[in-house]
Amino acid sequence: MTQTIEFPGILVVAHGSPREEANQGFLALVSRIAARLDAEHILPAFFSIASPTIADQVAVLASRGMRRIVLQPYFLYNGQHITADIPVLLAECRQRFPDVDCQLLPTLENDPALEDLVVERLAALPVPGSLLPDSPAGIEQRSFEIIDSRLAAAGQDDGGVRAIVRRIVHATADFSYARTLRIHPTAVAAGRAALAAGKPIVCDVRMLQAGLTRVANPVLCAIDGEEVAARARQQNATRAATAMETLAPQLDGAIVAIGNAPTALWKVLELAARGGPRPALVVGLPVGLVGARESKQALLESDLCYVTNVGPRGGSPVAAAAVNALAALT
């Protein structure tokens with residue numbers, strides 16, 4: 001399933017420096033960001049001193065037909081430039097290009113990712129501490145103590161959502177999921193109800209199926225079936241997408257767990273959009289540099305109940321952790 005998504009024009013904005021070396025470093029940074037996001041409409045701009053200016057780059061994007069432009073300030077704090085000066089410049093741009101919607105995103109101030117970066121740098125230094133536990137129970141207990149302290153400091157709410165986040169962080173040792181996960185308001189209740197009713201869990205790959213160690217429900221995966229492989233070749237489709245189509249009669253009211261294949265998630269969304277089966281919950285956490293981010297955004301914009309995240313990260317261990325967390329609550 002091929003999806004076309006309209007992206008906005010993006011300006012990454014720095015202050016600008018009298019030192020050309022500093023300006024060139026920023027230009028190179030934005031070039032790398034654009035390459036990583038595979039987006040040609042991500043451009044650098046300087047607030048003052050250096051060129052190209054914000055007005056210059058708004059004009060460039062407007063000439064390319066962009067009707068929505070967002071500015072990401074590469075600023076650490078919400079100072080005078082952010083609260084007053086740049087909004088004045090944007091007002092001038094709106095007058096010059098009345099058909100273009102210009103929006104200013106938040107600065108990097110208080111972004112948890114910056115805190116994580118400092119922690120990761122300092123973690124390499126020796127710090128005083130007690131001996132590490134060596135028993136399985138002790139290791140798990142200490143792991144959850146660390147996770148709970150970090151989640152509490154971040155203001156993570158208690159309840160089922162916290163249980164999912166907690167289990168995923170434990171499975172990955174990656175606290176970024178605490179801020180990138182997106183969990184539908186009814187996801188916990190819908191998932192628990194489906195499990196309690198004995199509904200199946202439909203997986204995209206065997207690795208995810210093997211990771212569901214806490215569930216008693218039927219777990220279905222058809223990706224390695226000979227008929228699925230033959231149909232995929234005939235239709236020039238992925239086996240993961242074809243497997244979801246094959247298992248379509250089992251999807252209605254089930255939990256669909258996807259940790260590997262964006263095409264499997266696209267297929268579930270396509271089937272539901274055509275009036276086909278509607279899962280009780282879609283745990284959509286595929287990993288990858290091609291299609292994963294876009295398929296998860298499409299899930300967020302659908303009317304299905306979801307557990308997902310933003311960005312390319314994900315994987316079978318992540319999806320399995322989410323389902324196992326729901327099973328532990330049931």
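Reader: Which elements make a right-handed β-α-β unit, and how is its handedness read?

Author: With the strands pointing away from the viewer, the crossover is right-handed if the path from the first strand over the helix to the second runs clockwise. In this predicted model, strand 3, helix 3 (residues 80-96) and strand 4 make such a right-handed unit.

Reader: How many bridges join strand 3 to strand 4, and which residue is the bridge partner of Leu71?

Author: Strand 3 and strand 4 (residues 101-104) run parallel and are joined by 4 bridges. Leu71 has Leu104 in strand 4 as its bridge partner. Strand 3 (residues 68-73) is also joined to strand 1 (residues 9-14), by 5 bridges, and these two run parallel as well. There, Val13 is partnered by Pro73 of strand 3.

Reader: In what order do the strands of the open sheet lie, and which are the edge strands?

Author: The order of the 6 strands in this open sheet is 5-10-9-8-6-7, with mixed pairing. Strand 5 (181-183) and strand 7 (219-220) are the edge strands, each pairing on one side only. Strand 7 pairs with strand 6 (residues 201-203) in the parallel sense, over 2 bridges. Within that pair, Val219 of strand 7 stands opposite Ile201.

Reader: Which strands do helix 6 and helix 15 lie across?

Author: Helix 6 (residues 160-172) lies across strand 5 and strand 10 (306-309), and runs at about 150° to strand 5. Helix 15 (residues 316-329) lies across strand 6, strand 8 (255-258), strand 9 (281-284) and strand 10; relative to strand 9, helix 15 runs at about 145°.

Note on methods: Residues are numbered from 1 along each chain as its sequence is written. This is a predicted model: local features need pLDDT of at least 70, side-chain atom pairs count only at pLDDT 80 or more; totals for chains, interfaces and linings use all residues. Side-chain values use heavy atoms; hydrogens and water are left out. Two strands pair if DSSP finds at least two bridges between them. Contact means heavy atoms within 4.5 Å. Axes are lines fitted to C-alpha atoms, for helices over the stretch in contact, and angles run from 0 to 180 degrees between N-to-C directions.
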